[in-house]
Amino acid sequence: MSSALQTVLGIDIGTSACKALLLDEHGRILATHTVSYELEQPRPGWTQQDPQVWLEGARHSVAAVLAQVPAETRISAIGLTGQMHGMVPLDDSDQVIRPAMLWNDQRSECVALTEQAGGETSLRHATNNPMLPGYTGGKIAWLRKHEPAHYARLKTVLNPKDWLRLTLTGEKATEVSDASGTGLFDVRARVWATALIERLDMDPRWLPPCYESSHISGQVSRSGAALFGLPEGTPVVGGGGDSVVQTLGCGVTGAGQVQTTIGTAGITACALPQPIDNLTGSLQVFCNVLPDQWHMMGVAMNGGYAMRWLQRLLRSNLRDNHGPTQWDFEAIVAHANASAPGSRGLVFLPYLNGERAPHADPLARAAFVGLSALHDSRDMARAVMEGVIFSLYDIYVAMQTAGMQTQAMQSPVLKTCGGGVRAPLWRQMQADVFGCDVLTTAGSEQGAAFGAALVAALGIDMFATPEAAVQHCHVLTRETPDPDTQALLRTQFEIYQSLYPALRPALHRLAQNTES
Ligand code: XUL
């Protein structure tokens, strides 16, 4: 009997959907399935999810993937990924105390926590990162202050994918990339920052053991097997936070390449051979899913989200004007394409949900600047798309200022992924704004689940090295900069960059007025 093909399963617990993906030893994607779900927004700026929603999403997407392949298909390992920073609080029987507070939830006691840590310098000394509002640590402190009865029951804190690991294997464990996003982790030494955690009056025992990302952290348990229809005993590797694992999924295994993602958020990232000192107030220096590497990124809160906002607007207000009645993504991109590079002198600041990088500012707000009577919704659509790319480039500039260029950006080639980059216009804009070739690669269009499958493959030596793993990420599309458009958009970017400092006081007053 010929031995069955070896495969690995990636499971991604995203913010709006769960995706499962099966990858074989030849780097072929055999099956994928996505199940969408909602997030709860009980008040403006609050976002939460019941972990049960993730469990159902994961069970259904795994079942749908298994149904697409022959029954004898051998799953050799599972890799988990998911939205980072979310806080899943568990009691002494591992029951979920309250819905998980998510990465984009603005509830956070990060300012008070920074003070308690002895100020920014001392916090940075312990973790090499500022405590940004999205991070898990600030959410634990929020629970302490605002929900003391829940806080009193707290015995374990897990990130979303690690809660799924608990249901799948019975093990409490995390790995270095997600742990980096708690704000309680010593990113240089790749261990929990125990002294800091104690100083913050938190219990280090709340946090699970932390491993390197490709380490096997447990096996599918009997109850996990029954829940998911997966063989008991299947190894489950650490995996990685979605925004980190996506870099590997785009084929980036070392310095010299830049990576962007346009999902709900927008991300600009690169790999680092050393954990350089993060002296910025908004960038994230985290552990990479590869053991001897680190990861630098900045997260713009309004990537694809800005398009969804525009879609809502067009659907509700502009249905009767020129343009289609069904404003789907492609229709909006076509509408934007009918304007011109530079949006005929219009600039959009995309800070609809506040911003994280390069401005760590939950009170930042969006703006169209330069509107004239001649502009129409086509220019506005294009300005929204350009504004998102300007925000990604703004992060890149901040990364260079932070000392990245010598280590990571010698010969920038930009690899891009996420739902947004299925629009050629959004890829071309990146080529014109960044001034380099922009590539999409096989597998990365499937999002973080693909990267998680690669980490699983590394964990069981299905692929012997990271280089062997990413040889399957061959180039799918390539956009090259157009010199005239590049010059025009660079000038537009200069204007964009000058606007946030100029408008900040007004944007804050407006945000505060609508909050009270
Ligand atoms: C990363 C971050 C987001 C979420 C999205 O720091 O906050 O990218 O991980 O899922």
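In which loop does Pro-358 lie? Pro-358 is found in the loop between strand E19 (347-349) and strand E20 (367-369); helices (H or I, at least four residues) and strands (E, at least two) are DSSP runs, numbered from the N terminus.

This is a predicted model, in which local features need pLDDT of at least 70 and side-chain atom pairs count only at pLDDT 80 or more, while totals for chains, interfaces and linings use all residues. Residues are numbered from 1 along each chain as its sequence is written, and side-chain values use heavy atoms, with hydrogens and water left out.

1. Backbone geometry. The peptide bond from Ala-357 to Pro-358 is cis, with omega near 0 degrees. Asp-201, although not a glycine, has a positive phi of about 55 degrees. Asp-201 belongs to the loop between helix H8 (194-199) and strand E12 (210-211). Most residues other than glycine have a negative phi, and most peptide bonds are trans.

2. A polar side-chain atom of Asp-242 lies 2.4 Å from an oxygen atom of the ligand. For a polar side-chain atom of Arg-356, the distance to an oxygen atom of the ligand is 2.8 Å. Met-84 places a backbone N or O atom 3.1 Å from an oxygen atom of the ligand. The protein covers 94% of the 290 Å² of accessible area that the ligand has on its own (Shrake-Rupley method, 1.4 Å probe).

3. Strand pairing. Strand E17 (residues 284-287) pairs with E18 in the antiparallel sense over four bridges, where pairing requires that DSSP find at least two bridges between the strands. A hairpin of six residues joins E17 to E18. Within this pair, Val-285 stands opposite Met-296 in E18.

4. Cavities. Three cavities of 30 Å³ or more are counted; on a 1 Å grid over the protein atoms alone, a cavity is a set of points where a 1.4 Å probe fits but cannot get out, and lining residues have an atom within 4 Å of a point. Grid points are joined across faces, edges and corners, and a volume is the space filled by probe spheres set on the points. The largest cavity holds about 80 Å³ of space.

5. Second largest pocket. A pocket is an open set of points with protein on both sides within 12 Å along at least five of seven lines. About 240 Å³ of space lies in the second largest pocket. Of its 13 lining residues, Cys-110, Thr-114, Glu-120, Pro-130 and Met-131 are the closest to its centre. Helix H2 (110-116) and helix H3 (120-127) each supply at least two residues of this lining.

Key:
A polar contact is a pair of N or O atoms within 3.5 Å; within protein, one must be able to donate a hydrogen and the other to accept it, and residues adjacent in sequence count only if both atoms are side-chain atoms.
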